[in-house]
Amino acid sequence: MGKLRSMSEILKKNMPNCLPDVQSLEDERHIDIDRVGIKGLTFPMSIACESGKQPTIAHVTMCVALGAEHRGTHMSRYVSLLSENKEPLSVAMIRHLLEKMLTLLSSDSGYISIRCPFFVNKKSPVSGLRSLMNYEVCFTAERKGGQTRVLQEIQAPVTSLCPCSKEISQYGAHNQRSHITIVAEIDGNLSLEEQIRIAESGASCELWSRLKRSDEKFVTEYAYEHPKFVEDAVRDVSGKLNADKRILAYRVEVENFESIHNHSAYAMLERDKRRRA
């Protein structure tokens, strides 16, 4: 029986010293591509929070613009960049990652989106019981036309109670779970927790994962005392963002998953505060 060969010996025998780099070949069609890269990559990382950092599982998109002269991009380099990264996810981190990606892929335009769950340890309003409340956050960085834009996004689930229903009904009012989304371009430091608190302040009531009966009574009555249309919620959140000098531009979306309709109520407000100057 012959002697077993090691994997390295097999590779040396069967692979040439220099493999062709097909991606770098010149493309004869001469058509630029706006974005090419990876999408839907699930990757473990940490995310910056007020207490330091917390672990999370991110869903990542990373792309660059590809010149007409190139056949393809180097897909493995995107994953290598993520693997080498040691910074927790933040506005600063994704900006640095974008710069590294553009340098490594020799491109002047690129796009990165990192979306993941984020948890806040919240205390119930009456009983004081603590539990983790989950939110969805997303960081986006894009370089286009020589300009770089970085966005910090949060989506907060909340409660909304209809002012019209309360006004016309002899007792009760219909309410529902809603989503308030804030996408912000920031100059300075705005924590995810603070951005979440701004969103929750625009609702009829915020949510908690763990409630005792005393908490449930409080939530029900508080929402009843603070009825909000989607128009009310989007304006209230916008007012706080307008007053915050750290916010350069923003988009606020409110969606009520209506309890008396088979469709949602929706409002969106978008502002670039720099255009007022």
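Here are our questions and answers on this predicted model.

Trainee: Happy to start with the overall picture. How many helices and strands does the protein chain have?

Mentor: Good place to begin! Of the 277 residues in the chain, 42% count as buried. Among contacts with a separation of 6 or more, 64% join residues 24 or more positions apart. As for the elements themselves, the chain has seven helices and nine strands.

Trainee: Let's take helix 6. What span should its 13 residues have, and how far apart are its end C-alpha atoms?

Mentor: Helix 6 covers residues 213–225, and the rule to apply is 1.5 Å a residue. The expected span counts one less than the number of residues.

Trainee: Which residues of helix 6 are buried, and why do they line one face?

Mentor: An α-helix has 3.6 residues a turn, so residues three or four places apart point the same way. Down the axis of helix 6, the buried residues fall within an arc of 60 degrees, so they line one face. The face turned away from them carries exposed Arg213 and Glu225. The buried ones are Asp215, Val219 and Ala223.

Trainee: And what do those buried residues of helix 6 pack against?

Mentor: Here we look for contacts, meaning heavy atoms within 4.5 Å. The partners are two strands: strand 5 (147–161) and strand 7 (205–206).

Trainee: On to helix 7. Which exposed residues sit on the face turned away from its buried side?

Mentor: First find the buried side: Val230, Ala233, Val234, Val237, Ser238 and Leu241. Seen down the axis, these fall within an arc of 125 degrees, so they line one face of helix 7. Their cover includes strand 6, helix 5, strand 8 and strand 9. The face turned away carries Arg235 and Ala243.

Trainee: Which element supplies the largest share of the lining of the largest cavity?

Mentor: The lining has 13 residues, and the closest to the centre are Ser160, Lys228, Ala233, Val254 and Asn256. By type, the lining divides into seven nonpolar, five polar and one charged. Strand 5, helix 7 and strand 8 each supply at least two residues. The largest share, three residues, comes from strand 5.

Terms used: Residues numbered from 1 in each chain as written. Predicted model: local features only at pLDDT ≥ 70, side-chain atom pairs only at ≥ 80, totals over all residues. Heavy atoms only, no water. Helix = DSSP H or I, 4+ residues; strand = E, 2+ residues; numbered from the N terminus. Buried < 20%, exposed > 50% of the residue type's maximum accessible area, 1.4 Å probe, protein only. Arc of directions from axis to C-beta. 1 Å grid on protein atoms, 1.4 Å probe; cavity = no way out; pocket = protein on both sides within 12 Å on 5 of 7 lines; lining within 4 Å. Nonpolar A, V, L, I, M, F, W, Y, C, P; charged D, E, K, R; others polar.
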